[in-house]
Amino acid sequence: MDNYIVSARKYRPDTFKSVIGQKSLTTTLKNAVKNNKLAHAYLFCGPRGVGKTTCARIFAKTINCLSPLPDGDACNVCECCTSFNENRSYNIHELDAASNNSVDDIRLLIEHVRIAPSIGKYNVYIIDEVHMLSSSAFNAFLKTLEEPPHYVVFILATTEKHKLLPTILSRCQIYDFNRISINDIVGYLTYVTDQEGVVAEVEALNIIAQKSDGGMRDALSILDQVISFTEGHITYKSVIDNLNVLDYEYYFRLTDLFMERNIPQCMLVLDEILIKGFDGQHILSGLAAFFRDLLVCKDPQTLVLFEVGVSVQEKYKNCASKCSNDFLYRAIEMTNESDYNYRASRNKRLLTELLLIRICQLNKDGQEIDDNKKKNLIEPIFTAAPESKEQAGNIVKEITTRVQEDANPLAASSLGDKKAPSPLAKVVSGASLRISMRAEVERPKDNLENKEVAQMHQATNNSFTEEELLRSWHAYANSLIEKIHLKNTMLNISPSLGEDYKIEVAVYNPEQSQKLQEEATSLMQFLRKELQNTSIHLEVVLSDENKKKLAYTDSEKYQLMSSLNPSLEKLVAEFDLKLD
């Protein structure tokens, strides 16, 4: 059985002409060889998998070629080219600086530099991942790098140029390699699949190119993985399933739902995406990128920034025609805001759902939302308006009654178990109501309704026991998750019930008293609601039993310490110390 070779090695370029996406750099190197203007040190830097080491090898082979071609490429026929292609060349040496980064390794390299080449013109030393050299190794290498023998050429390669010393950078000709464009990667992947006899859809290859992030080596590795998964028939669906890529068809569906203001269906699509295992932040970042692509597609001048296939471009154009520029601007802003707040959010799914709801409400009847209005308000999901002012008044009256019953359940229970269906229930169940919480509904100004509204503010004075008070007190204390000190204080003290529903609490020190008084407003609201008594009031006192025993201020702490240890007074007097 033949040995399998991965595509990244099998289809590695061996001439400058076959290098993809670095035409300006390869032209410069070929011209330098053709005009015999070689520097003694080169630095190739750029992202991973863009051809740095490949170009270094091709350049090393070319400058040693005994009969180069007129265009500057190597002949691949002479002894130097043949020995290099068969990995037995003694003129070209590769050093991995990640595993040979000490001073001793550099000293050994300097000793080898003194040996002249036996065949060819130059000894070429390719040092990969040069940024991994230690500072001492860099300093030991400086002199040799600046003035090597005339038959020595150094080619340094790195992905992190910023980690190199300025003294190293100043001694090299620097070549910055760019990320390879998606169109170039797709073209080369098409060539590889043709050579391998693999059937591949252009959209599938485009997804592989996007996933590789501008690196040809990554693209070829992903291609091998997908070929194994599909057994030689690569489709768009098989690629997104194998690479766990979120299908852009979901974004098209969501955009159509945004235009229709269909909030329930948006929630269902989001749930479908989450069930497939995609993270919420991945959805947010993908949605922001999708809106950006729609914005790019709306203008022919910016269409060149959108690197996808022709068929996919048509889908984006059709979808972009449904969205206005203002809608896309605002949607991108809101999506980026949610993406930024995602890590800090406790309920991440709710944050994502809230974003979809807000985007649904950006467009209303084809009009952009007024920027002067509040942008974060969520309109209730009703489908029709009240038929008359009388019906609107009945709805307000019903809501008022329900609020009053919630505030006083004992009064509500006295009305009996059987109730006729309310106007509100009929309207909501019939899906014939559409009211915005921001809209102003004119209330009927009859005396009966004014009395009912006034009853909401009447005081309730239901009696309660100290046991019920203590239970509600502890319930509020346990809800203080972030205020640990106040929570412990409330759990360690017991409130007492006095006359006229006065709750008296004795604390141990002024700090506890201050914290409790700061929380008094929220605490009283909670207790009045739980105990159904609006006459409750709080009084915080300092316990006589403990206020003399505990040292609170700095002077009190000093007096307590000096009483326990008289030597402290001598120490203060000897060094003339003062208590600030």
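Author: Asp 213 sits in the loop that joins helix 9 (202–212) to helix 10. Helices here are DSSP runs of H or I with at least four residues, strands are E runs of at least two, and both are numbered from the N terminus. This is a predicted model, in which local features need pLDDT of at least 70 and side-chain atom pairs count only at pLDDT 80 or more, while totals for chains, interfaces and linings use all residues. Residues are numbered from 1 along each chain as its sequence is written, and side-chain values use heavy atoms, with hydrogens and water left out.

Look at the backbone of Asp 213. Its phi is near 60°, a positive value in a residue other than glycine. Most residues other than glycine have a negative phi. Asp 213 counts as partly exposed because its relative accessibility is 42%; buried means under 20% relative accessible area, exposed means over 50%, and partly exposed lies in between (1.4 Å probe, protein chains only).

Glu 129 also has a positive phi, near 50°, and is not glycine. Its place is the loop between strand 3 (123–128) and helix 6 (135–146). With 26% relative accessibility, Glu 129 is partly exposed.

Now follow helix 10. Helix 8 (residues 182–196) and helix 10 (residues 216–230) have axes that come within 11 Å and cross at roughly 40°. Helix 8 is therefore oblique to helix 10. Axes are lines fitted to C-alpha atoms, for helices over the stretch in contact, and angles run from 0 to 180 degrees between N-to-C directions. Under 35 degrees is roughly parallel, over 145 roughly antiparallel, 65 to 115 roughly perpendicular, and the rest oblique. The crossing is right-handed, meaning that the near helix is turned clockwise from the far one by less than a right angle.

Which residues in helix 8 meet helix 10? They are Asp 184, Ile 185, Tyr 188, Leu 189, Val 192 and Thr 193. Helix 10 answers with Met 216, Ala 219, Leu 220 and Leu 223. Contact means heavy atoms within 4.5 Å. The contact residues divide into eight nonpolar, one polar and one charged. Nonpolar covers Ala, Val, Leu, Ile, Met, Phe, Trp, Tyr, Cys and Pro; charged covers Asp, Glu, Lys and Arg; the others, Gly among them, are polar.

Take Thr 193 of helix 8. Thr 193 is buried, at 3% relative accessible area. Beyond its neighbours within four places in sequence, Thr 193 touches Val 198, Ala 200, Leu 205 and Leu 223.

Five strands make an open sheet with parallel pairing, in the order 2-3-4-1-5. Strand 2 (92–96) and strand 5 (173–176) are the edges; each has a single partner strand, so one side of each has no neighbour in the sheet. Neighbouring strands are turned by 20° against each other on average, direction ignored. Strand 1 (residues 41–45) pairs with strand 5 in the parallel sense over four bridges; two strands pair if DSSP finds at least two bridges between them. Leu 43 stands opposite Ile 174 in strand 5. Helix 2 (residues 23–34) packs on this sheet, touching strand 1 and strand 5, and its direction makes about 150° with that of strand 5. Helix 5 (residues 103–113) lies across strand 2, strand 3 and strand 4 (152–158), at about 165° to strand 3.

Another open sheet has three strands, ordered 10-11-12, with mixed pairing. Strand 11 (residues 502–507) pairs with strand 12 in the parallel sense over six bridges. Val 505 has Val 540 in strand 12 as its bridge partner.
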